Amino acid sequence: MKLIRYGEAGAERPGILDAQGTLRDLSMLLPDIGPAQLNPRTLAALAAIDTSRLPTVPGTPRLGSPVGGVGKIVCVGLNYADHAREAGLQPPAEPVLFMKAVSALSGPTDDVRIPPGAVKTDWEVELGIIIGTTASHVAEDSALDYVAGYVLANDVSERAWQMERGGQWDKGKSYDTFAPIGPWLVTTDELPDPHAIDLWLEVNGQRVQQGSTAHFIFGVPTVVSYISQFMTLMPGDLILTGTPAGVGLGQKPVPWFLKAGDLVRLGASGLGEQVQRFVGG
């Protein structure tokens, strides 16, 4: 299934794409798509619905984050060897973890605000994991059982804040609008292998990132299991799995970064596309 939340920010309604790609309204069946709706039983019931009997959604409404009520965003850094090399770092022996504020969440085509005074705003196309079942100390061989589905994400970053202001990375990752998610949540029945997803990103029409989750250093089961040793993952939690090479920081011969007016387009096989205009904050 492809699950969607549509409507004005803060007033999104639940929806689903039918087999023809038509957006159908789910609000007569669900209050939202969030932690309470992501359990296997509810998702199985949704999968059994005849979507042709649901009302269509007219026009082209704004799309929000396809999951509401996200409790936390856990990010995995340097999860592609080529990205670690372009950052001048060795591939890690264990997953590198950091957090991103949930207040950074935005829709897949919302404007992204460059913070006042920011000079190194950067892009990162990523696969996102949505947790569906509470996970604590789970084994790798059962870790996928706790996943509700996957999303496309842009882990927008202000590199000067991330790397030149001391402390942890979080403050360079968490500005409002720095986590565009969607357009939809793809459930695991429709995307059974998260390690065969092509990812790409363009800036002003120029392809700068092209990668595949086949090149993860740490695959999805490892990441879910590993994080669950340090914190309980709750339904609706989002894990960002890292980005391949091609970010602005790694451009040669000179790094280059986003400015107001730039247009970023990104996509992933099976997960749809995003387009964001970067604007002054």
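The model is predicted, so local features need pLDDT of at least 70 and side-chain atom pairs count only at pLDDT 80 or more, while totals for chains, interfaces and linings use all residues. Residues are numbered from 1 along each chain as its sequence is written, and side-chain values use heavy atoms, with hydrogens and water left out.

That pair belongs to strand 4 (residues 73-77) and strand 16 (residues 238-240), which run parallel and share three bridges. Strands here are DSSP E runs of at least two residues, and helices are H or I runs of at least four, numbered from the N terminus; two strands pair if DSSP finds at least two bridges between them. Both strands sit in an open, mixed sheet of nine, ordered 3-2-1-13-10-9-16-4-5. Its edges are strand 3 (23-25) and strand 5 (96-100), each pairing on one side only. From one strand to the next, the twist averages 30 degrees.

Now look at helix 4 (residues 220-228), which lies across strands 4, 5, 9, 10 and 16, at about 55 degrees to strand 9 (125-131). Such angles run from 0 to 180 degrees between N-to-C directions of lines fitted to C-alpha atoms, for helices over the stretch in contact; contact means heavy atoms within 4.5 Å. Eight of the nine residues of helix 4 are buried, that is, under 20% relative accessible area with a 1.4 Å probe, counting protein chains only. Among them are Val-220, Val-224 and Ile-227.

Leaving aside residues up to four places away in sequence, Val-224 touches Ile-129, Ile-131, Val-138, Ala-143, Val-147, Leu-233 and Ile-239. In the largest nonpolar core, of 50 residues, Val-224 is one of those touching the most other members, along with Ile-129, Tyr-150, Leu-201, Leu-233, Ile-239 and Leu-271. A nonpolar core is a set of buried Ala, Val, Leu, Ile, Met, Phe, Trp, Tyr and Cys residues joined through side-chain atoms within 4.5 Å. Elements giving two or more residues to this core include helix 4, strand 9, strand 14 and strand 17.

Strand 14 (residues 198-203) pairs with strand 17 (residues 263-268) in the antiparallel sense over five bridges, and Glu-202 stands opposite Arg-265.
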